[in-house]
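Trainee: I am new to this structure. Could we go through the model step by step?

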Amino acid sequence: MPRLANLYFKTAIIFLIIGIGMGLKMAITEDHSVIGAHAHTNLLGWVTSAIFGGYYALNPRKAERRLAMIQYYIYTAGVAIMVPALYLMLLGNMAMEPIVGLASIVTFIGVLLFAFIIFSGEQAATTVSPAPSR
Ligand code: HEM
């Protein structure tokens, strides 16, 4: 598996652990005020990162591109800043609001870069298994 795909999966599982931690905290305390932070940690942090990692695993040549690593750092930084800022904002710390906004834009730039990588012309180097011999 390409290094970048592995890195995305490692990042994704950390977000899932944090996201589930928030979910359990909500369930135990019966205070669901951080529901938005929980949902975004799981969906942007776990699900989307794992999908990005899966794409790079299937397209190892694209994973080798410098732009792919830049995309990883931008996207992951955006989510990693947005999640705690959103969590604190939902607990009433409104000073976090501009940070949530800025981090959301950084995250979106990461998504746009990923779209560019998908659509850019480089031929994907997917591995095709040989047909079974009889
Ligand atoms: C053990 C794991 C988890 C626990 C304990 C948990 C717990 C919770 C709780 C207590 C709520 C609030 C429900 C409400 O107020 O109506 C919630 C909402 C939510 N959770 Fe989780 N969750 C877990 C895993 C996940 C995962 C893996 C995802 C996504 C991949 C996820 C996505 C969401 C979403 C999108 C909502 C908002 C639902 C809505 O607004 O209707 N959760 N979760």
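Trainee: In which helix does Ile-20 lie?
Mentor: Keep in mind that this is a predicted model. Look for Ile-20 in the chain; the element that holds Ile-20 is helix H1.

Trainee: Does Ile-20 count as buried, exposed or partly exposed?
Mentor: Count the C-beta atoms around it. A buried residue needs 20 or more within 10 Å, and an exposed one has 12 or fewer. Ile-20 has 14 C-beta neighbours inside 10 Å, so Ile-20 is partly exposed.

Trainee: How far apart in space are Ile-20 and Met-82?
Mentor: In sequence, 62 residues separate the two. From C-alpha to C-alpha, Ile-20 and Met-82 are apart by 17 Å.

Trainee: What is the overall make-up of the protein chain in helices and strands?
Mentor: Start at the N terminus and read the elements in order: α-α-α-α-α. The C-alpha trace spans about 60 × 35 × 20 Å along its principal axes. The secondary structure comes to 5 helices and 0 strands.

Trainee: What percentage of the residues in the protein chain is buried?
Mentor: The protein chain has 134 residues. Of these, the buried share is 33%.

Trainee: How many Å does H1 reach from its first C-alpha to its last?
Mentor: H1 has 27 residues. At 1.5 Å a residue, 39 Å is expected. The model comes close to that, with a reach of 39 Å.

Trainee: Which elements do the buried residues of H1 pack against?
Mentor: First find the buried residues of H1; among them are Leu-4, Tyr-8, Phe-15 and Gly-19. Then look at what they pack against: H2, helix H3 (60–63) and H4.

Trainee: Is Glu-30 buried or exposed?
Mentor: Again, count neighbours. Glu-30 has 6 C-beta neighbours inside 10 Å, so Glu-30 is exposed.

Trainee: Which element gives the largest share of the shell around the ligand?
Mentor: The ligand has 13 residues around it, and Gly-23, Met-26, His-32, Ala-39 and Asn-42 come nearest. Two elements give two or more residues to this shell, helix H1 (3–29) and helix H2 (35–58). The largest share, 7 residues, comes from H2.

Trainee: How many residues of that shell are charged?
Mentor: The shell around the ligand divides into 9 nonpolar and 4 polar residues.

Trainee: Which element supplies the largest share of the largest nonpolar core?
Mentor: This core has 28 residues, and those with the most contacts inside it are Leu-4, Tyr-8, Tyr-56, Met-82 and Leu-86. H1, H2, helix H4 (66–90) and helix H5 (97–119) each supply at least two of its residues. The largest share, 10 residues, comes from H4.

Trainee: Which residues is Leu-86 in contact with, beyond its neighbours within four places in sequence?
Mentor: Leu-86 is one of the core residues with the most contacts inside the core. Set aside the neighbours within four places, and the contacts of Leu-86 are Gly-36, Ala-37, His-40 and Val-100.

Trainee: Is Gly-78 buried or exposed?
Mentor: Gly-78 lies in helix H4. Beyond four places in sequence, Gly-78 touches Ala-103, Val-106, Thr-107 and Gly-110. With 21 other C-beta atoms within 10 Å, Gly-78 is buried.

Trainee: Which elements are included in what covers the buried residues of H5?
Mentor: The buried residues of H5 are Val-100, Ala-103, Thr-107, Gly-110, Phe-114 and Ile-117. What covers them includes H2, H3 and H4.

Trainee: Which residues does the UniProt annotation "transmembrane region" cover?
Mentor: The annotation comes from an unreviewed entry. In the model, residues 7–28 are 100% helix, with end C-alpha atoms 32 Å apart. Residues 40–58 are also 100% helix, with their ends 25 Å apart. The entry lists residues 7–28, 40–58, 70–92 and 98–119.

Terms used:
Residues are numbered from 1 along each chain as its sequence is written. This is a predicted model: local features need pLDDT of at least 70, side-chain atom pairs count only at pLDDT 80 or more; totals for chains, interfaces and linings use all residues. A residue is near a molecule or strand if its C-beta atom, placed from the backbone, lies within 6 Å of it. Helices (H or I, at least four residues) and strands (E, at least two) are DSSP runs, numbered from the N terminus. Ala, Val, Leu, Ile, Met, Phe, Trp, Tyr, Cys and Pro count as nonpolar, Asp, Glu, Lys and Arg as charged, and the others, Gly among them, as polar. A nonpolar core is a set of buried Ala, Val, Leu, Ile, Met, Phe, Trp, Tyr and Cys residues joined through C-beta atoms within 7 Å. Two residues are in contact if their C-beta atoms, placed from the backbone, lie within 7 Å. UniProt positions are given in the numbering used here, feature names are shortened, and annotations may be inferred rather than shown by experiment. The expected span of a helix is 1.5 Å times one less than its number of residues.
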